[in-house]
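Okay, thanks everyone, I'll keep this short. Have a look at the model on the screen, and then I'll walk you through the parts I liked.

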Amino acid sequence: MDHSAETSRHKCAACFRQFNKIEHLVDHMRTSFHSPHEPTCAVCKKHCRSLDSLREHLIGPLPKQECKNVFDMRGCKFCLAILDSSYSQRLHQERCQFSCVNSGLLARLANLGIRDGSTAIDGGRTRGSGPVALACKYVGGGDGSLDVCAKVCLIDESENVIFYSYVKPTIPVTNYRYETTGIRPEHVRDAMPLKQVQKKIQDILYNGGEKARVLVGHCVEDDLKRLQIGYPSIMIRDIANYPPLMKTSKLCNSLKYLAQVYLGFEIQNGVQDPYEECVGGMRLYKRMRSQVHRIEHHPMASDPQNKNNFAAWRESELERMSPEQMLEISRSDYYCWCMDLRI
Ligand SMILES: [Zn+2]
Ligand SMILES: [Zn+2]
Ligand SMILES: [Zn+2]
Ligand SMILES: [Zn+2]
């Protein structure tokens with residue numbers, strides 16, 4: 001490490017970018033929203049915007065060699081933590097990897113409509129205060145490109161089915177998209193009408209009027225839009241739009257990729273079941289929620305008490321601060337899910 005005043009003075013204490021002029025570092029700090037909630041290399045303490053960029057830093061294609069060497073010996077390839085020894089790494093990594101979703105259950109759910117004539121599973125667990133995950137399957141209407149909801153699933157945080165049903169399409173189906181949905185006309189012909197499904201889902205989300213529940217999903221806002229259900233965005237935890245789970249390019253990652261890379265299990269190819277997608281989403285949510293981060297007072301840059309916490313300082317005061325002091329007053333621009341366990 002280089003401690004000479006010249007080079008360390010203008011180096012960001014979080015992402016290690018270097019700036020020729022102190023005012024450029026100040027500008028950088030104003031707009032980068034560094035915080036203890038960012039994925040951080042356990043070796044060199046570099047903050048990364050996403051787990052994908054931390055992976056690039058540790059694993060490659062262009063890793064930082066010193067960090068890669070430590071990671072190769074005792075890093076967990078799923079959660080990217082570094083353990084004390086290669087022995088504890090092995091124990092940890094075994095527990096860190098999730099097993100595949102129960103395929104027997106999947107088959108039973110998929111055959112629901114034809115097998116026993118019923119079209120819905122009501123897990124009888126409608127009431128509860130924990131998070132729920134939602135996923136839908138769509139068939140095609142109109143010219144085939146319109147998404148029409150034909151199947152919906154909600155699970156609780158222990159992966160129990162709360163509600164699982166085919167949905168009667170609201171417009172004529174022109175393409176069942178059978179290869180990926182596994183849905184046939186006979187599944188949805190007498191299925192539950194959308195109105196009833198909406199009511200059911202709202203009842204679960206609002207816990208029968210008690211306290212609204214956290215809703216987890218992948219692009220779940222799109223699901224809600226297509227189901228024509230409104231829900232407050234502060235209650236939504238979207239796997240697709242959560243900065244630590246996004247690509248370095250800031251685009252969304254697929255659920256399949258995230259489950260495979262960060263949880264170590266495969267989501268089926270071919271026919272996709274919403275139960276499996278709910279499980280993938282819930283496991284990712286819980287993994288992110290379980291992270292242990294230092295929590296500051298007013299952890300969000302958007303907290304009123306914090307608004308413009310950089311703007312509250314004079315430029316000359318900021319320029320006299322050390323990079324560490326600037327990092328100390330910097331706050332996150334997204335809500336980190338670790339805070340869900342502290343409410
Ligand atoms: Zn930085
Ligand atoms: Zn956090
Ligand atoms: Zn590192
Ligand atoms: Zn791990």
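This is a predicted model: local features need pLDDT of at least 70, side-chain atom pairs count only at pLDDT 80 or more; totals for chains, interfaces and linings use all residues.

So, let me start with a question: is helix 13 largely enclosed by the rest of the structure, or left open?

The protein has 343 residues, and 33% of them are buried. Its secondary structure comes to 15 helices and eight strands. If you box up the C-alpha atoms along the principal axes, you get roughly 75 × 45 × 40 Å. As for contacts with a separation of 6 or more, 61% are between residues 24 or more positions apart.

Now the domains. Domain 1 is made of two pieces, 5–96 and 292–342, and domain 2 runs 103–289. Their centres, taken over C-alpha atoms, are 33 Å apart. Where they touch, domain 1 puts in 14 residues and domain 2 puts in 15. On the domain 1 side, that's eight nonpolar, two polar and four charged residues.

Back to helix 13, then. It covers residues 274–289, so to speak, 16 residues in all. The answer is that it's largely enclosed, because 13 of those 16 residues are buried. From first C-alpha to last, helix 13 reaches 22 Å, close to the 22 Å expected at 1.5 Å a residue.

Who does this helix meet? One contact I can point to is between Pro274 and Val152. Val152 is in strand 3, residues 146–155. With 25 other C-beta atoms within 10 Å, Val152 counts as buried, because the cut-off is 20 or more. Leaving aside neighbours within four places in sequence, Val152 also contacts Cys136, Ser165, Val167 and Val197. And Leu134, 18 residues away in sequence, sits 7.4 Å from Val152, C-alpha to C-alpha.

The peptide bond from Gly60 to Pro61 is cis, with omega near 15 degrees. Pro61 is in the loop between helix 3 (51–58) and helix 4 (65–74).

Then there are two residues other than glycine with positive phi. Lys45 has phi near 70 degrees, and you'll find Lys45 in the loop between helix 2 (22–32) and helix 3. Gln228 has phi near 55 degrees, and Gln228 is in the loop between helix 11 (220–227) and strand 8 (236–238). Are they buried or exposed? Lys45 is exposed, with 11 other C-beta atoms within 10 Å, and Gln228 is exposed too, with 11.

That's me done.

Methods
Residues are numbered from 1 along each chain as its sequence is written. Chains are lettered from A and ligands numbered from 1 in the order in which they are written. Domain bounds come from an automatic or database domain assignment. Two residues are in contact if their C-beta atoms, placed from the backbone, lie within 7 Å. Ala, Val, Leu, Ile, Met, Phe, Trp, Tyr, Cys and Pro count as nonpolar, Asp, Glu, Lys and Arg as charged, and the others, Gly among them, as polar. Helices (H or I, at least four residues) and strands (E, at least two) are DSSP runs, numbered from the N terminus. A residue is buried if 20 or more other C-beta atoms lie within 10 Å of its own, exposed if 12 or fewer, and partly exposed in between; C-beta atoms are placed from the backbone. The expected span of a helix is 1.5 Å times one less than its number of residues.
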